[in-house]
Amino acid sequence: MKFKPGVLVLFTPVTIRMMEAVDECYKRRGSEAVITAGRDGKHGPKSLHYEDLALDFRIWHVPKEVLPTIMSDLRATLPKEEGWDAVLEIDHLHVERDVRRMPLRSNECTPAP
């Protein structure tokens with residue numbers, strides 16, 4: 001897995017699970033995952049990026065015919081009923097853990113410092 005220069009990702013149980021899942025799904029289909037946005041960048045005012053619950057991944061290097069399979073793999077690995085969502089945007093893959101749909105479980109929370 002690679003990071004676009006300047007990307008800011010806080011390593012939490014949620015972001016780590018997300019990165020591992022995406023990395024595995026990309027590798028399985030012959031591509032390398034590249035994180036293009038974490039809490040950095042411009043996102044909507046209620047974006048989960050700012051809560052370290054969403055990451056964006058590059059897609060332009062992935063063959064277009066492979067993207068639906070990667071999406072299917074991701075949705076099987078990170079199920080919607082657990083609060084996960086993977087959305088294929090025009091220029092990137094957005095993955096999030098939506099706490100509005102399913103609150104974080106104790107094993108997903110970051111311990112207080």
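Lys80 is partly exposed, at 48% relative accessible area (buried means under 20%, exposed over 50%, and partly exposed in between, with a 1.4 Å probe and protein chains only). This is a predicted model, so to speak of local features a pLDDT of at least 70 is needed, side-chain atom pairs count only at pLDDT 80 or more, and totals for chains, interfaces and linings use all residues. Residues are numbered from 1 along each chain as its sequence is written, and side-chain values use heavy atoms, with hydrogens and water left out.

Lys80 pairs up with Asp85 in a salt bridge, with 3.2 Å between the closest N and O atoms (a salt bridge is a side-chain nitrogen of Lys or Arg within 4 Å of a carboxyl oxygen of Asp or Glu). Side chains of opposite charge can pair when their charged atoms come close. Asp85 itself is buried, at 16% relative accessibility. Asp85 also forms a salt bridge with Arg101, and here the closest N and O atoms are 4.0 Å apart. Asp85 sits in strand β4 (residues 84–88) and Arg101 in the segment after β5 (92–97), so this pair ties together parts that are 16 residues apart in sequence. Arg101 is partly exposed, with a relative accessible area of 36%. Elsewhere, salt bridges with shared partners link Arg17, Glu82, Arg97, Arg105 and Glu108 into one network.

The count comes to 14 salt bridges. One of them joins Lys2 to Glu32, with the closest N and O atoms 3.7 Å apart. Lys2 belongs to strand β1 (residues 2–3) and Glu32 to the loop between α1 (13–28) and β2 (34–37), so the pair ties together parts that are 30 residues apart in sequence. Lys2 is partly exposed at 46%, and Glu32 is partly exposed at 33%.

Now for the sheet. Helices (H or I, at least four residues) and strands (E, at least two) are DSSP runs, numbered from the N terminus. The 5 strands make an open sheet in the order β1-β2-β3-β5-β4, with mixed pairing (two strands pair if DSSP finds at least two bridges between them). At the edges are β1 and β4, each pairing on one side only. Strand β3 (residues 54–58) and β5 run antiparallel, joined by 5 bridges, and Leu55 stands opposite Val95 in β5.

Helix α1 lies across β1, β2, β3, β4 and β5, at about 25° to β3 (axes are lines fitted to C-alpha atoms, for helices over the stretch in contact, meaning heavy atoms within 4.5 Å, and angles run from 0 to 180 degrees between N-to-C directions). Helix α2 (residues 67–77) lies across β4 and β5, running at about 170° to β4.
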